[in-house]
There are 2 protein chains.
Amino acid sequence: MSDRVVPAADRRRRRPTKQGVVLSEELIVETALRLIEEHGAEALSVRRLGRALGADPSSLYRYFRHTDDLMLAVADELIGRTLRTWRPTGDWLADLRDLGLRMHAGALAHPRAAMLSSYRVTGRVYEIQAVETILGVLRGAGFPDTEAVRIYHAYVDQALAFGALDSANTALPKPARDAEAAVWQAMYAQLPADTHPHIAATARHLVATMRHSSYPAAQDLLLSAAAARLAEIRAGERALPTRSAGRSPSS
Amino acid sequence: MSDRVVPAADRRRRRPTKQGVVLSEELIVETALRLIEEHGAEALSVRRLGRALGADPSSLYRYFRHTDDLMLAVADELIGRTLRTWRPTGDWLADLRDLGLRMHAGALAHPRAAMLSSYRVTGRVYEIQAVETILGVLRGAGFPDTEAVRIYHAYVDQALAFGALDSANTALPKPARDAEAAVWQAMYAQLPADTHPHIAATARHLVATMRHSSYPAAQDLLLSAAAARLAEIRAGERALPTRSAGRSPSS
DNA sequence: TTAACAGGTCAACGGTGTTGTCATAAGGTG
DNA sequence: CACCTTATGACAACACCGTTGACCTGTTAA
C-alpha cells in the first residue's frame, strides 16, 4: 500500500480523530518536534506520536509514507527557522560565519531533532532555499563555480556535522555527561609526563578547551582557508598569467 | 539485573554454548565487526549477533550491559586499528591529513560504532594514545601549546563529526539512500534559472560533488589554514627571537 | 439527499532490546 | 575422585517498535 499518502494540497475532508483532533502535516511535524525536545530522540515513535496527537498511529501513514519522511519534514522545518532569523550584510565572510553560528545554535536548541536530521537531504523548500542562498553568497564573493560548490559542500556539512556532534553530547543523560567531563579532569590531567609528555604539557589548556564546542574554531579555520583561496584566485585573475603564482596545498 | 556482567579478567569457567562456541569479549566484538561489514549496519542486532555466534541473545548480556556498551568496545577496537595502520613520516601536514582520512575511512567501515562513539570520551587506552600522538605532531611542528590544543580540538572533532555524519548516511536503509541520491539529480538539477539562478548555474557541479563526502575537502581547508597560521607564528618568532631558537624549521 | 471516498481505526505480523528464572557444567576444594 | 558452589548459558516472556490490509464512517460535492 504505497499510495496511502495524499499530497497536502489535495486534502479536502478534514475529518476529526476519535478524540476530536483535526490532523494536518503541520500539526504532526510540530508535535513531533515538541515530543523530541521534551522526551528525547528515542521518545519519537509512530505510536507515541499518535498517542500525543490523540490519533491512531496508522493515521500518520495518510500523511507520511514512513517515519523517514516525517523526519525529513521535521528537518526542513528546522532549516526554515534558522534561515528566517539570518540577516545578511553583504560581507560574505561575516555573513557565512554568522549563518554557520546560527545553524549550530539552532541545532543545539533542538538537539535531538538535529541529531536525527543532520545527515538527510530533504529536497524540501527550506533546504533548497538555503542551498541557493549560500551558493549565492559564495558566487557573489567571486568564487568560480567549481570552487563555490566545493566550499559550499564543506561549509554546510561542517555546520551540520558539528551541530549533530555537539547535540549528541548535549543530549547525553546527565550522569553520563558528568562522567565524561570528569574524564578530562581525572584522567587526562593526571597522566605522568614521562609516558605522555604532550598531554602533560598541555593539560591545563586541554581541560579548559575540551569543555567547549570546537565549532567556532573549526569554522574560522575553514573560512579563513576559503578567504585565502579567494585572494589567490583574484590575484591570478588580475595578473592573468597561465598560472597563479601562489602555491596551493598541491597534492 | 545490572550486575549480570563479569569483568573479562575474572572469567574462569569457559562453558561452551549449546552449539559448541566458547564466548569471549573479543570474539563477540570481532563477530559484531564482521557482521557489520558483511551485512550492513542495520544487520547488527543482539538477536542476529547471537545467531551468528551460535549463542542465545541473552548470553551477550553476560559480557555487555547493553548494546551501547558493545558498540563502545567495538569503537575502541576501531581506534586501535586505525592508529596501528598509520605510519607517520615526519611531515606534520601530510601525516595529519593521512591520519584524518584513515579515521574517516575507519568510521565509514563501521557506521554504527562510529555514530555512537563520536561524541563520547572513553578515556580508554587507544583514545589516550591518539590524543598524545596528535598533540605530539602539532607541537613538534612548532605550534605553541595554546594553538596546538585549539587546532587539535578542531581537527579531531571534525574527523569525528564527519565520520559520524557520513556514517549516518551510510547506515540509512537502502531505499532511503537511493532516494537521497535521486534528489540531487531529479530535484536540484531541474530547478529553473529564474527562481534559483545559483543552483541552476552550478547544477552540474552540485550533482557531481554531492554524492561524495566533503570530508577530504573540509580537512584540506582546515589543515591549510593551520599551515598558514604556523607560517605566521614562525615569521613572528624570527622577527622577535626572545626565545632560544632551537632547531631550525627548514620545513 | 445521497453516494463516493478520504481519512480515521483496528488487528495483526514480524521484528527489536532486555530481564527474570531456571538448568547445568566447570572448577576449586577436601 | 566426588562434591558443592556458582558462573554462565538457555528459555520464555515483556513491552515496545514500524508497517500494512481490511474495515468503517463522516464529509463533501453533485
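Contact here means heavy atoms within 4.5 Å. With that in hand, here's a quick tour of a predicted model, in which local features need pLDDT of at least 70, side-chain atom pairs count only at pLDDT 80 or more, and totals for chains, interfaces and linings use all residues. Residues are numbered from 1 along each chain as its sequence is written, chains are lettered from A and ligands numbered from 1 in the order in which they are written, and side-chain values use heavy atoms, with hydrogens and water left out.

- Leaving aside neighbours within four places in sequence, B:Glu147 is in contact with B:Arg229 and B:Ile233.
- B:Glu147 sits in helix α7 (residues 145–170) of chain B; helices are DSSP runs of H or I with at least four residues, numbered from the N terminus.
- B:Glu147 has a relative accessible area of 14% and is buried, a word that stands for under 20%, with exposed over 50% and partly exposed in between (1.4 Å probe, protein chains only).
- The side chains of B:Glu147 and B:Arg229 also make a polar contact at 3.3 Å. That term covers a pair of N or O atoms within 3.5 Å; within protein, one must be able to donate a hydrogen and the other to accept it, and residues adjacent in sequence count only if both atoms are side-chain atoms.
- Over in helix α4 (residues 92–109) of chain B you'll find B:Leu93, which is partly exposed at 21% relative accessibility.
- Leaving aside neighbours within four places in sequence, B:Leu93 is in contact with B:Leu223 and B:Ala227.
- B:Leu93 and B:Leu138 are 45 residues apart along the chain, and their C-alpha atoms are separated by 9.0 Å.

**Helix α3 of chain A**

- This helix covers residues 67–84, 18 residues in total, and reaches 26 Å from its first C-alpha to its last, close to the 26 Å expected. The expected span is 1.5 Å times one less than the number of residues.
- Its buried residues include A:Leu70, A:Met71, A:Asp76 and A:Leu83.
- Those buried residues pack against α1 (25–39), α2 (46–53), α4 (92–109), α5 (111–117) and α6 (125–141) of chain A.

**Where the two chains meet**

- Chain B and chain A bury about 5300 Å² between them, 71% of it on carbon and sulfur atoms; buried area is the accessible area (1.4 Å probe) that two parts lose on being put together, summed over both.
- On the chain B side, B:Tyr119, B:Glu132 and B:Leu221 lose the most area to chain A, together 12% of what that side buries.
- The contact takes 55 residues from chain B and 56 residues from chain A.

**DNA strand D**

- A side-chain N or O atom of A:Arg47 is 2.3 Å from a base nitrogen of DNA strand D.
- B:Arg15 has a polar side-chain atom 2.5 Å from a base oxygen of DNA strand D.

**DNA strand C**

- Among the 31 residues around DNA strand C, A:Arg13, A:Arg15, A:Arg62, B:Arg47 and B:Thr67 come nearest.
- A side-chain N or O atom of A:Lys18 is 2.7 Å from a phosphate oxygen of DNA strand C.
- A polar backbone atom of B:Val46 is 2.9 Å from a phosphate oxygen of DNA strand C.

Methods
Helix = DSSP H or I, 4+ residues; strand = E, 2+ residues; numbered from the N terminus. Near = heavy atom within 4 Å.
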